[in-house]
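These are my notebook entries on a few places I looked up, written down in the order in which I went through them.

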Amino acid sequence: MLIGADGAGSHLRAQLLPQARRVETGVVAVSAKLGLSNDVRQATPPPILRGPTLIFGPRGCFIFASTVDYEDKPPGGRQHYDHEKYVMWGFSAHNEVLDFPAKPASVGGQDAKAAVLAQMRDWHPVLRWLVQTADASTATAFAVKTSVPIQPWATQKVTLLGDALHNMTPIPLCGTPWRFVALSSLCPVAKPT
Ligand SMILES: Cc1cc2nc3c(=O)[nH]c(=O)nc-3n(C[C@H](O)[C@H](O)[C@H](O)COP(=O)(O)OP(=O)(O)OC[C@H]3O[C@@H](n4cnc5c(N)ncnc54)[C@H](O)[C@@H]3O)c2cc1C
């Protein structure tokens, strides 16, 4: 059995289901990270330190922010795979609001941050600070895409999983859970015999 789990730009999907296209939603997003130093921990609003937080602003703009944090010494002494602690944010707006060039991915980190800050003049200072202080080298701009509905197809020994099968926009925050739902439904058929 061959399972394509190679993400939104899946090469396997392009061969198996060429009709399963991705289309732009008309929304563009910029995301970036700040290392979770003591200063950042103190300045970050507590809801963002506790988990994913959505904040809506004017002109259809919104920001999603969340913290990735780990205990330094996890119970049982097992080391985490990933040790990076950070606050991340993603700012989304209609294309015409951020007004990037045709390919947002070509916009540099500083320019992407500046474009976001220009839309946040009347936002709370601490949210502006999170954007201002983010590491520009982590800032990326991208066109938010989604999948077009397609007709059912006969599953055979080649199949797809996660974003390779159904590209989720980051906006409903459900891409990762759906990947696990799909994985659990494949387990019974993927067992070695
Ligand atoms: C900015 C942003 C924020 C998001 N936030 C959330 C959120 O808060 N909650 C949520 O649930 N979802 C979120 N999502 C969506 C979520 O990230 C995806 O739905 C999820 O990662 C899909 O998992 P996947 O394993 O299918 O694909 P991916 O995570 O994209 O993994 C595919 C892997 O395949 C590898 N790969 C590709 N081609 C090859 C190849 N030829 N050979 C070997 N390896 C290959 C890639 O390097 C990658 O590691 C977000 C997405 C974005 C872009």
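I began with Asp99, whose place is in the loop between helix 4 (95–98) and helix 5 (109–118). The model I am reading is a predicted one. I noted that Asp99 has a positive phi of about 55°, although it is not a glycine. I then looked up its surroundings and found 12 other C-beta atoms within 10 Å, and because the cut-off for exposed is 12 or fewer, Asp99 counts as exposed.

Next I turned to Arg59, which is found in the loop between strand 3 and strand 4. Arg59 is not a glycine either, and I wrote down a positive phi of about 60° for it.

From the loop I followed the chain into the strands themselves. Strand 3 (residues 53–56) and strand 4 run antiparallel and are joined by four bridges, and I found Ile63 in strand 4 as the bridge partner of Ile55.

I then asked how many bridges join strand 4 to strand 5 (residues 86–94). The entry reads seven, and this pair also runs antiparallel; here Phe62 stands opposite Ser92 in strand 5.

Last, I looked at the two faces of strand 4 (residues 62–68), where Ile63, Ala65 and Thr67 make up the covered face, while Phe62, Phe64, Ser66 and Val68 make up the uncovered one.

Technical notes
Residues are numbered from 1 along each chain as its sequence is written. This is a predicted model: local features need pLDDT of at least 70, side-chain atom pairs count only at pLDDT 80 or more; totals for chains, interfaces and linings use all residues. A residue is buried if 20 or more other C-beta atoms lie within 10 Å of its own, exposed if 12 or fewer, and partly exposed in between; C-beta atoms are placed from the backbone. Two strands pair if DSSP finds at least two bridges between them.
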